[in-house]
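Student: Please show me how to read a protein model. I would like to start with the whole fold.

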Amino acid sequence: MKAAVFRAPGDVRIESVPEPAAPGPGELLIKVSKAALCGTDSAEWDHGPLLARPPVILGHEFTGQVVAVGPGPVGPDTAGSQAAGLEPGRFAPGTRVVSGAGISCGHCDWCVIGRTNLCASYQTLGLHRDGGLAEYVLSPASICRAVPDGLDDTGAAMAQPLAVALHAARRGKVGPGRACVVIGAGGIGAFIVAAAAALGARPLVAVDVAANRLETAAVLGATHTVLAGSGPTGTGLATAGNVRSGDPVQAVLAAVGEDGAHVVIEASGAPASPAAALGMVRRGGDVVIVGLQAHPFGIDLFSVATREVDLHGTLAHVCGEDLSEAVSVLAGTPLAATVLGDVISLGDLVDGGLRPLAERKAHGKIVVDLEGSLA
């Protein structure tokens with residue numbers, strides 16, 4: 001079969017590889033239809049390996065059709081699913097499914113309490129095991145969810161990143177009656193804006209240096225947008241509550257009130273953004289760090305301590321509570337169409353996908369059409 005194999009920095013090859021073995025206990029063999037690209041994929045290609053263990057087939061955001069089902073129990077995410085009040089599904093051949101990315105053991109301390117993303121032996125499809133940028137992929141049935149008829153494959157491929165966004169929003173206790181700020185509205189930030197809107201945050205403020213990203217954020221549910229710094233100008237931001245300012249902290253406080261926001265989610269990875277997040281959050285509020293910093297940075301721990309600000313990390317998602325909701329949101333909203341960028345072939349993966357993502361030139365979510373590429 002054809003697959004995108006990551007071998008070394010700058011070396012991702014579309015090559016013929018053996019098809020996966022028959023599915024083992026609790027596994028599904030999936031014929032991949034669409035796979036979305038993540039910043040992690042481009043980072044591995046550009047300057048990895050960071051998390052990946054090459055050689056490995058990339059791709060952890062994908063959807064497809066079940067072609068074979070392994071025997072036995074559904075697998076390691078059972079504990080996490082039951083902790084969330086959900087029962088992992090069993091899937092007949094022909095079922096359209098989305099897969100989560102993380103594979104957990106099901107019996108360590110973290111899995112038992114439902115925090116499967118912190119599993120002591122956590123592995124990720126597309127980084128540690130062969131992923132979905134291929135004709136076929138093996139995935140545990142326990143981390144897969146059925147795709148409803150009203151959601152097409154292009155949209156379904158975005159379920160995993162939306163699940164990541166929902167998890168980040170939950171870490172910050174986003175919900176009705178809580179003002180929320182999202183710093184960085186590109187890539188995962190756009191999904192976090194959509195997740196926060198779905199969870200009822202209001203007011204919901206998006207901050208970015210690019211006006212076009214803020215236009216998208218407004219469509220996704222941001223009630224206010226803040227154009228920070230001197231980023232590229234756009235055709236006009238799409239909300240009446242828009243605020244433009246070179247000082248994002250003051251602009252946010254003008255939008256949410258001088259006490260600050262209940263929760264600030266930092267999704268840009270910019271070195272100065274965590275400090276800005278502290279300036280935007282109220283006493284007793286929550287700051288969630290999503291954007292990964294390339295180097296350690298200084299932060300005002302005096303402010304964290306004396307204002308009782310809760311500072312949270314966030315990692316991936318918990319399939320048992322995040323993935324099903326992500327599928328429902330995508331099926332019931334125009335989110336996928338709003339954030340969609342280019343749909344490319346597998347052969348155009350590097351120049352049409354990984355390179356523009358690494359160079360920050362991509363506009364919208366890039367999706368690889370595996371089915372169309374290999375027909």
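Student: What share of contacts between residues at least 6 apart in sequence join residues at least 24 apart?

Tutor: A contact means heavy atoms within 4.5 Å. In this protein, 70% of those contacts join residues at least 24 apart. Note that this is a predicted model: local features need pLDDT of at least 70, side-chain atom pairs count only at pLDDT 80 or more, and totals for chains, interfaces and linings use all residues. Residues are numbered from 1 along each chain as its sequence is written, and side-chain values use heavy atoms, with hydrogens and water left out.

Student: Why does the radius of gyration agree with a compact globule?

Tutor: The radius is taken over C-alpha atoms, and the globule rule is 2.2 Å times the number of residues to the power 0.38. The protein has 375 residues, so a compact globule would have a radius near 21 Å; the protein has 20 Å, which agrees. Its C-alpha trace spans about 60 × 45 × 40 Å along the principal axes.

Student: How many residues count as buried?

Tutor: Buried means under 20% relative accessible area (1.4 Å probe, protein chains only). Here 54% of the 375 residues count as buried.

Student: How many helices and strands are there?

Tutor: Both are DSSP runs, numbered from the N terminus: helices are H or I, at least four residues, and strands are E, at least two. The protein has 14 helices and 19 strands.

How values were computed
Buried means under 20% relative accessible area, exposed over 50%, partly exposed in between (1.4 Å probe, protein chains only).
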